[in-house]
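These are my notebook entries on one chain.

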Amino acid sequence: MAGNRGAVPTGTEGVSRVLGARPAAAGSLRWLRARDAGSTGVLLSPWVLSFLVFSLYPILYSLYLSFTQYNPLSGLPPQWVGLENYARLLGDRRFALALKNTLFFVVGTIPFTTSIAVTLAVFLNQRLRLRDFFRASYFLPSVTSVIVISTIFVYLYAPYGPLNGLLALVGVERTNWLLSTRWALPAIMLMDVWASFGYYTILFLAGLQSIPEELYESAAVDGATPARRFFRITLPLLRPTLVFVLVINTIRSFQIFSEIFVMTQGRPLGRTTTVVYHLYTMGFQKFDMGYASAVAYVLFFIILVFSLVQYRLVQREGIHG
């Protein structure tokens, strides 16, 4: 018996042992997988619950509200009206003005913000003294509260503020920039460009640092000028970063609200009212939640279309470039 302990089982006995061991191993493997799945579910459950309660439910409920007439102060449940809120948008002059102002803001800020950011990123990617200081300086407005920046610019734009004081030295008449129907929105756009280009500069700088230095060295050996190296090497290889910047800048610009709320509240004569501020007015001042929800979904689809068009255009340039 002692000599047979290490022997390999043969015949019917060996087959039985092997077949008996396989189900046991498979059962253990299934138990381990179930335990891992259970642990994963427990770890993910806080995020899943938060997403369901604070993201998915509000999105679906606001979509439902967009087809209803609902005033939360009335004490009445939402009344189904179908597409009435969306049809109402087509004849709403205030919404048309807000959309016009928003489009003007988007078209008037994104090219300048992107161009400044690319230029500064190329500049800061060079071997310069105090390079880290300049990087931090340009990025500082991006980490400062928009409310704080807007409040500072209200003071700068005041009739007797620093800006008018400097312009008065060269003979320019003092202007109340934020109450001018001509200059109020451009003044906010100027502030927005100044406050946001630093963030996009850092993004472009990260993209530049991923470009191999050998490409520039080879191009320099071949006699390529700095401008040619920029348009033939830098810009094509920055295309993924450029797409990302354009999309998030478009989304952010369409959703401009805090600056308007602090600086003008839509004045003068609605010339600075944007779609999101119009949404806020209808939803949280007039409590027309159904109409406000419809405005929100129309804005969502406008942003989606603009983002897809930008993505397609940049990708097409990449294919044909």
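**Entry 1: the core**

I looked up the largest nonpolar core, which has 21 residues; Leu89, Phe95, Phe254, Val275, Tyr291, Val295 and Leu299 touch the most other members. At least two residues of this core come from each of H3, helix H10 (239-254), helix H12 (275-284) and helix H13 (289-320). H13 gives the largest share, 8 residues. A nonpolar core here is a set of buried Ala, Val, Leu, Ile, Met, Phe, Trp, Tyr and Cys residues joined through side-chain atoms within 4.5 Å. Helices are DSSP runs (H or I, at least four residues), numbered from the N terminus.

I note that the model is predicted: local features need pLDDT of at least 70 and side-chain atom pairs pLDDT 80 or more, whereas totals for chains, interfaces and linings use all residues. Residues are numbered from 1 along each chain as its sequence is written, and side-chain values use heavy atoms, with hydrogens and water left out.

I then followed Leu299, which touches Phe254, Val275 and Val276, residues up to four places away in sequence not being counted. Contact means heavy atoms within 4.5 Å.

**Entry 2: Thr102**

I found Thr102 in helix H3 (residues 93-124). Thr102 counts as buried because its relative accessibility is 0%; the cut-offs are under 20% relative accessible area for buried, over 50% for exposed and in between for partly exposed (1.4 Å probe, protein chains only). Its side chain reaches the backbone oxygen of Ala98 at 2.7 Å. Beyond neighbours within four places in sequence, Thr102 is in contact with Ser253, Phe254, Thr274 and Val275.

**Entry 3: salt bridges**

How many salt bridges does a search of the whole structure find? The search finds 4, a salt bridge being a side-chain nitrogen of Lys or Arg within 4 Å of a carboxyl oxygen of Asp or Glu.

Arg88 pairs with Asp288, with the closest N and O atoms 2.8 Å apart. This pair links distant parts of the chain, 200 residues apart: Arg88 is in helix H2 (residues 84-90) and Asp288 in the loop between H12 and H13. Arg88 is partly exposed at 36%, while Asp288 is buried at 16%.

I also recorded the salt bridge of Glu259 with Arg252 (3.9 Å, N to O). Glu259 is buried, at 6% relative accessibility, and Arg252 is partly exposed, at 28%. Asp192, Arg252 and Glu259 are linked in a network of salt bridges.

How values were computed:
A polar contact is a pair of N or O atoms within 3.5 Å; within protein, one must be able to donate a hydrogen and the other to accept it, and residues adjacent in sequence count only if both atoms are side-chain atoms.
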